[in-house]
Amino acid sequence: MMDRKTENSEYLEQASSPSAEAWEMFKRNHAAMAGLVILFVITIGSIFGPLIYPTDPFDMVWAPFSPPGEEGYLFGTDYLGRDLLAMVIHGARVSLVIGLSAAIVSIFIGVTIGALAGFYRGYIEEILMRVTEFFQVLPTLLFSMVIVALFGASLTMITIAIGIVSWTAVARITRSEFLRIRELEYVMASRASGVSNTKLMFGIILPNALPPIIVQSALMVGSAILFEAGLSFLGLTDPNVVSWGQIIGSNRQYILDASYTVTIPGIAIFVTVLAISLVGDGLNDALNPKLRAR
Amino acid sequence: MVDKLLEVKNLRVELQTKDGVVPVIDDLSFDLDYGESLSFVGESGCGKSMTALALMGLLPEKVGRIASGSIKFEGRQLANASSEDLRKIRGNEISMIFQEPMTSLNPVLSVGEQISEVLRLHQKMSVNSAWKRAEDLLDAVNIPDPKRRVHDYPFQMSGGQRQRVMIAMALACEPKILIADEPTTALDVTVQAQIFGLLKDLQTKTGTSIILITHDMGAVAQMARKMIVMYAGRPCEIGEVAQVIKTPQHPYTTGLISCVPHLDDAIIDANNRLSEIPGIVPSLREFGSNKCLFASRCKHQMEQCRAERPVLAQFSNKQAFACWKREIIDAG
């Protein structure tokens, strides 16, 4: 065991900023690091995979339902004889992009509404929180299906639809953090130094409210991927692009005859969402000072 | 006529509580000259901090308001001024340091960022020159190795250092008035002395007027020339510090002074105990009633004290106090 002095000086050297300190904590969490590595591999794969494995996922390359490994097709072929490996690789990009951008949309809406409600209080808060509750009680899948059905099943529309139905949790978290932080002394001190309301909200309070928002956002990427898979499964997707959910959806009738056509993209979704959850949990531990003190 | 730096007249601040509207500052008048220092003294809940917040236009939203009276800063009316106007004055011409240095700095920004922020906001300085100035300011408040410490985050500093950073921030724009709300209450005694020494030093260098809010009579004696003793939202004694401490007129002031142990005075009573003021500050419900609010704790109380509020009367020696029993105390 180190004596106190060296331990302390080492701590000061390592923790040069709150974010560096959080990264130190995160690195010590093996599960979260594993999640991060998996996520990194999947991301790199989705970016460079199509270059390394350029087979067009829409090409019918071989007889339908050829099991994995046969004829050099590692994942086999689907009901139209398309290369399943090519589909999974190309589909990763769409799934990840939709997951990420839907999460960004919902964070943008949620943080804006939560920040305004928590900062201004009064009737602004009343109105915004009633709106939030309205969106919270809507059946999310049905509502997003209605949006996609009405405005067309383009990737943009699907992203917006997922974003619109999933921002409420972020709004509530942001609001509660703002309610807590706006009463703290350094906010009063900033007010006393003449900082404007906009700057107070987004320059002073928001950075301090970020930890739980970051955690929620990470988990939201996972749930957005699942959501997209759900919509594609129901056929609400752009038929001209491959995504993991769409592979499952189009092969679902053959689940008993060729279970691998559904299982393989299912595993891809499972691993990705699991990795994101692990990272999210790691972030939670690293960023939550109460847990850190334990 | 030249305007005073700060002129407060018949200020009345009301708070909305569940028992109704309560005047937490009731008929307060004072003025402050350039380079002068003034001190507000009193127990917790007597309206000292409210006075500071009222001056800054930072009364709790929707709960507190300036009901009447005026606050004139260099001839400009601050009472009920627009929030835009107040924002330009805050931190620039009037700035404030708070009681709790441990929580008054933003934990996610380095101290350099926080100091230069104020400079960029009010002085429209560039990022680089503001950063340079932040280093100079840290040096001015005696933080060793300012070039390195400017990158530090608040959690890497001690309480005394943080309070120095607060002072650096408050003085960044060379304000005309610095309001210090119990600046040393949360600090060690030795650090307290250093902070007061620093404040005094900086005051002579910059010519800033200081409004010191405290319950520490020693700090008042060291820092201020004029003092206002507040009780339950009302000024009960106003005068030159040396004079008030030597010849306190109001029984509350007498009580406050005798609570502090003196090296050369025998203030210990027959039972060898340090004296105290019996009782507690009246509840907010009683604020604003037409009587002497100190009467219930006062050993000189009489019929009139419970029937009518004593007026603040000025005496020839410029000492003013609000008590009905003035002649008797004067004599005794």
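Author: Happy to! B:Cys173 is buried, with a relative accessible area of 8%; buried here means under 20% relative accessible area, exposed over 50% and partly exposed in between, using a 1.4 Å probe and protein chains only. Please keep in mind that this is a predicted model, in which local features need pLDDT of at least 70 and side-chain atom pairs count only at pLDDT 80 or more, while totals for chains, interfaces and linings use all residues. Residues are numbered from 1 along each chain as its sequence is written, chains are lettered from A and ligands numbered from 1 in the order in which they are written, and side-chain values use heavy atoms, leaving out hydrogens and water.

Over all chains there are zero disulfides, a disulfide being a pair of cysteine sulfur atoms within 2.5 Å. B:Cys236 is in no disulfide, and the nearest cysteine sulfur, that of B:Cys292, is 8.3 Å away. B:Cys236 is also buried, at 5% relative accessible area.

The largest nonpolar core has 103 residues, and B:Leu6 and B:Ile179 touch the most other members. Such a core is a set of buried Ala, Val, Leu, Ile, Met, Phe, Trp, Tyr and Cys residues joined through side-chain atoms within 4.5 Å. With seven residues, α6(B) gives the most to this core. Domain 1 (1-93 + 175-332) and domain 2 (103-172) of chain B both contribute residues, so the core lies between them; the domain bounds come from an automatic or database domain assignment. Beyond neighbours within four places in sequence, B:Leu6 is in contact (heavy atoms within 4.5 Å) with residues including B:Phe30, B:Leu55, B:Phe73 and B:Ile211. A second, separate core of 48 residues includes A:Ile42 and A:Ile276.

Helix α3 of chain B (residues 111-123) brings in the other chain. Helices are DSSP runs of H or I with at least four residues, strands are runs of E with at least two, and both are numbered from the N terminus. Among the buried residues of α3(B) are B:Val111, B:Ile115, B:Val118, B:Leu119 and B:His122. The buried residues of α3(B) pack against α10 (197-233) of chain A together with α2, α4, α5 and α6 of chain B. After α3(B) comes B:Lys124, whose phi is positive, near 50°.

On the chain A side, A:Arg191 is found in helix α9 (residues 185-192). At 15% relative accessibility, A:Arg191 counts as buried. Apart from neighbours within four places in sequence, its contacts include A:Phe119 and A:Leu200, as well as B:Leu58, B:Glu61 and B:Arg90.
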